[in-house]
Amino acid sequence: MGELLSRIEGPEDLRKLPEEELPELCREIREFLLTSVFETGGHLSTNLGSVELTVALHYVFDFLVDRLVWDVGHQAYTHKILTGRRDRFTTQRKSGGLSGFTNPRESPYDHFMGGHAGTSISQGLGLAVGSALGGLRRKTVAVIGDASIGAGMAFEALNMAGVTGTDMLVVLNDNRMSISRTVGALAGYLAKIRSMPLYSAVKRDLQIALASLPLVGDRVRRGVDRAMASLKHYIVPGHIFEDLGIKYFGPFDGHDMRGLVRCLRSVRRHRGPALLHLVTEKGKGYDPAEADPVKYHGVAPMAAPEKVNGREAPRAPASLPSWTAVFGDALVGLGERDPRVVAITAAMSEGTGTDRFQKRFPERFLDVGICEQHAVGMASGLAREGLLPVVAIYSTFLQRAYDQVFHDVLLNRRPVIFCLDRGGLVGADGWSHHGLYDIAYLRTLPGLTLLSPRCGEELDAMLDFAARSGEVCAIRYPRGNVPPPFADRPAPIEKGRAEVLRCGADGTIVAYGHMVWTAWQAAEALSQKGVSIGVVNARFAAPVDRALLADLAASAPFLVTLEEASLPGGFGSAVLEALEGAGTPPVRVVRLGVPPELVDHSDAKETLERLGLDVAGVTATVERKPGVKDAARRLADLIHRRAVLLATDLAGQIDLRTLDADLAVILGGDGSILSAARRMGNRPIPTIGVNFGRFGFLTDIGAGDAETDLAEVLGRDLVVEERLVLEGRILREDGPEERLLALNEFYAGPQTVGRVITIDLLLDGEYANTYRGDGVVVATPTGSTGHSLSAGGPIVDPRVGAILLTPVSPHSLTNRPLVVPPDVKVELRPKPDHTQTFATFSADGQISREIPIGATAVITRADFRFPLVRSGMHSRYHVLRTRLGWRGQPPDVGTGAEAP
C-alpha cells in the first residue's frame, strides 16, 4: 500500500493533503484497486476510470453534510476506500464482507443500496427536495455515467430537476462506455460536445475567471451567460441540458486533478440544478484495461498483476461452455434458419451472448442502451411487422420492463421471445443482481409460456420451440457453465409437458431448469443408500404439466419441487396450484428454493449450500422425511381395536406367527407387505397395504387426518389377490448352493456402486439378452417394478404372472427389462471383464448376492402364496404405466424378444 493511502482513514484525512499530492494518491489508489480486485473479482475498468473524480469530490465536499449518490454503484470502489473501508476492501463481494455496490449498512457515506442503472438523478433529486423542504442548506451530488443518462428514468429526473430549480449537481462521467460502447443519439450528442474544444475552453475560462472576481455583478454574469448561450447554439445547436433548465459545465478532463478541484470549487457555489460533464478513460492506468475495457469491465478473482501495466495471469479454460455461450450459438443458428429473427439487447451484448449474433447479422441486431422498457416496447412493434424479436436481458433487469411485457407484448398478442440470462443466484454481485423473481412475476401473466432448460442442448431446443410456437415465450437460464451430459438426450419439447428422467418408489423430485442436474445427483447419491427417488424435468413453469403432477400425486409418497428462485410465487407454488386445481389426493409436497429474504453477496456455491439447494442439501431434505416406524406407532393407536398393526419391524422384534388377528395393516410398499407376510409363516391373514404414496408421510398429519384416511381405505371396495414370490439360488462349481427368498423390492446398495459388468441372460439355457449395468434387480411384477423405469420400463400390470428382471443402470434408459413366463427358469451368467470379477443381483429388499465369474444365478418361482386385500384405488404403477403409454399386455418373450 502506498504511503499516502495508508494515512487516509476517512475523507477528513484526504482534505488535509496538499493539492499537489493528490495525483500521487490517485496512482496509489489504482495500484491498490488492481491488487484487490484481481483478488476478489469485481468491476475493474470502470473504477480505474473514476479515481480522480472521486478523490476530487471528497476533497471539495464534506459528504457527511452534503449528499453523494452513485448510479449503479459499480464505480464507487474509490469512494469506499476513502470512506473508512480500505482495510476491509479485500472482503468485498465475499460472504460477510463488503458489497460490490453502495450499501447504507456499511457506511454513513452511502445512502442507497442498488445495482441498476439510471437511478441516481431521481434519488439525488429526492434528497435535494427533501433537504430543501427541511430547511437544510446542503449540496446534493449525483454521479451518473454517459450510458446510464440515456435511460428513461434519468431523463424523467432531469425533466423535473429543470423546473423545480432544486440545488443539485449531476456529475456526468463520460467514458463513452457502458459495458460495451455507449450507443444512441445522446452518445453522438455527447461526442459532438467533446469535439468542440473551442467553445468548451472559452466557456470554462470565462466561468472560472468570473467566479474568481468577487466584484463582478450579477448583470455582468448574466450578460456573459447570454453571450455564451448564443455562442453555444451556434457551435453546438440544441444544447439539451441548458434547454431543460439545467446549468451545463464542461466538458472537462476527468483525469486532470488540479483542474477538477478548481472546477468543483467553482461549481459548488452555483445554486440550482447543474450538470458537470467530465470526460474519463475507462480502465485508466492499466494498459490491458485501456485497450480492452469491455473485457476488464468485470473480472473474476485471479492472481494479481505484478505491476500496474503487468500481464494478466492466464486462466484455465472452462471444460464446459457457459449458458450464455450456448444461447449465443443457438441464437445464431436460429437466425440462419429464420430470416425474421431480430436480436435486441440493452447495453449487454457481450453479457447476454448476443454479440455473436451481432457479428453474424449486424443488420438484424439492435442495442438500445440501458433502456429495458424501450427494448420490450420496440419488440412489440417489430413483431407487429412480422419479425421475430428475441429480447436478451438479464433476469434482474427485465424487472424494469414488467409493464411493457404485459401491456405492449402480451396484451397485444405479439410473438416475442424473452431470453433471461442470470436466472437464479449470481454470487458476488448480490442483492440487486440475483435473478430470483422472474418466475413469480412472469408465470402469472396470461398467455406467456415460461420455460427453463436442464442442459445446453435443451436450451437450443427451447429456443427453436419458442420460434415455432408463434406465442410469447420466456426462457430462463442461469449464470455459469452448463452441466455435464446426464440422463438421455432431451425428448422433443411439447408445450406444457414435463420429462420423466427416472422414477422412484420412495419419492419424486420435480426440478425446474438447471436444478434438474442437482436433483439427478441427489437421486444418484440416495440410490447408493437404498432410497429410490424419481426425477422429473419440469421444463415449463407456465403452463405446468398438470396431468403428470396429478399422476405423481396419486403415486409418489411425496414430491419435492426444486428451483433456484424465490419460493413465494415460484415454480413450487405453481405445482401446488396445479395439484389443488386437479383435485388430486393429498400428497406431501416439499418446496425447495430461495426463501423470501434479501440474499446477500457471496460465492454462489456457498449460497446454495447455505440455503440447502446443493446436492447435499437436497439429499438431506429427502432423508429427513418421516420414517415408516414412526408412522406405524402413531397409526397403531388409532386402529388397535380393528386389527393388529404389522409395522415394518424388519429387525424381527415381533413374532408375527403368534398374533391372533383378523386383519393385518402394513404401512409401506409391496416389499414391506411381502416381508411381513413371509414372517407370518404363510398364515392366511387378509392384509391391507397402506402405501405412503397414497397419503404422503403420515407423521406430518394430525391423528384425525390419519384416522380419516384409514377410514377411506377401509370403506372402499376391497379386492383379494394372491401373491407369488421368487426363489433365488446361486449355483457355484466350487461351493455349496445358496438359497434365499427373493421379494419385489428394489435395492442398490453401496456394494453395487461402480461395479460395471456385462451379464448374459439365459432362459432355460437359451441366450436371450445382454445387459451392462451396475447390477441386476430381481422383482415380481406386482409392485416395485415401478423401479424398472430407471432402466426404461415397462410397468407390468399386477395381474400378469411373470418374472421381471431389471438391469440397474441409472445412467442408461435404453436397456428394457424382459418379461418372461413364470414357468421359465432364468439364469444370470456374468461375462468376463477386464476389471471386475463379479456382478451383483438383489432381492428381498435387504439381501444382495454376488455372482462370481463362472457361476450362475438361477431364479425360479417359489411355492409361497398369501392373500392380499387391496382397496379399489388405482395402483400407482398402473397410473404411471398408463401415463407413459405402456397400455397393452406384455408380449410372450420366451423366445428372447425384448418387451416394448
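Predicted model: local features only at pLDDT ≥ 70, side-chain atom pairs only at ≥ 80, totals over all residues.

Reader: What about contacts along the chain, what share join residues at least 24 apart?

Author: If you take contacts between residues at least 6 apart in sequence, 74% of them join residues at least 24 apart.

Reader: OK, new topic. How many aromatic pairs are there in the whole structure?

Author: A search turns up 13 aromatic pairs. One of them is Phe-61 with Phe-63, a stacked pair with 5.4 Å from centre to centre and 25 degrees between the planes.

Reader: Are Phe-61 and Phe-63 buried or exposed?

Author: Phe-61 and Phe-63 are both buried.

Reader: So how do the rings of Tyr-77 and Phe-89 sit?

Author: Their centres are 5.6 Å apart and the planes meet at 75 degrees, so this pair counts as edge-to-face. The cut-off for that label is an angle over 60 degrees.

Reader: Where in the chain are Tyr-77 and Phe-89?

Author: Tyr-77 is in helix H5, which covers residues 77-85, while Phe-89 is in the loop between H5 and helix H6 (120-133). The pair therefore ties together parts that are 12 residues apart in sequence. Both residues are buried, and together with Phe-32 they make up one aromatic cluster.

Reader: Nice. What sits over the ring of Phe-361?

Author: That's the charged end of Arg-364, 4.1 Å from the ring centre. There's also Arg-454, which lies over the face of Phe-486 at 5.1 Å from the ring centre.

Reader: Switching to charges. Why would two charged side chains pair up at all?

Author: Side chains of opposite charge can pair when their charged atoms come close. This structure holds 35 salt bridges.

Reader: Which residue does Asp-110 form a salt bridge with?

Author: Arg-85, and the closest N and O atoms are 2.7 Å apart. Asp-110 is in the loop between H5 and H6 and Arg-85 is in helix H5, so the pair links distant parts of the chain, 25 residues apart. Asp-110 counts as buried at 4% relative accessibility, and Arg-85 counts as buried at 1%.

Reader: Which residues are in a network with those two?

Author: Lys-80 and Glu-106 are linked with Arg-85 and Asp-110 in a network of salt bridges.

Reader: What about Arg-356, which residue does it form a salt bridge with?

Author: Arg-356 forms a salt bridge with Asp-329, with the closest N and O atoms 2.7 Å apart. Arg-356 is in helix H16 (residues 355-360) and Asp-329 is in helix H14 (residues 323-337), so the bridge ties together parts that are 27 residues apart in sequence. Arg-356 is partly exposed at 34% relative accessibility, and Asp-329 is partly exposed at 46%.

Reader: Now the backbone. What do phi and the peptide bond look like in most residues?

Author: Most residues other than glycine have a negative phi, and most peptide bonds are trans.

Reader: Which peptide bonds here are cis?

Author: Among them are the bond joining Gly-250 and Pro-251, with omega about 0 degrees, and the bond from Ala-542 to Pro-543, with omega near -5 degrees. Pro-251 is in strand E5 (residues 247-253), whereas Pro-543 is in the loop between strand E17 (540-542) and H23.

Reader: And which residues have a positive phi without being glycine?

Author: Ala-347 is one of them, at about 65 degrees, and Arg-413 has a phi near 55 degrees. Ala-347 is buried, with a relative accessible area of 5%, but Arg-413 counts as exposed at 75% relative accessibility.

Reader: Last one. What is His-433 in contact with?

Author: Leaving aside neighbours within four places in sequence, His-433 is in contact with Phe-101, Gly-115, Thr-396, Phe-397 and Val-426. His-433 has a relative accessible area of 10%, so it's buried.

Key
Residues numbered from 1 in each chain as written. Heavy atoms only, no water. Contact = heavy atoms within 4.5 Å. Phe/Tyr/Trp six-rings, centres within 6.5 Å; stacked < 30°, edge-to-face > 60°. Buried < 20%, exposed > 50% of the residue type's maximum accessible area, 1.4 Å probe, protein only. Helix = DSSP H or I, 4+ residues; strand = E, 2+ residues; numbered from the N terminus. Lys NZ or Arg CZ within 6 Å of the ring centre and 35° of its normal. Salt bridge = Lys/Arg side-chain N within 4 Å of Asp/Glu carboxyl O.
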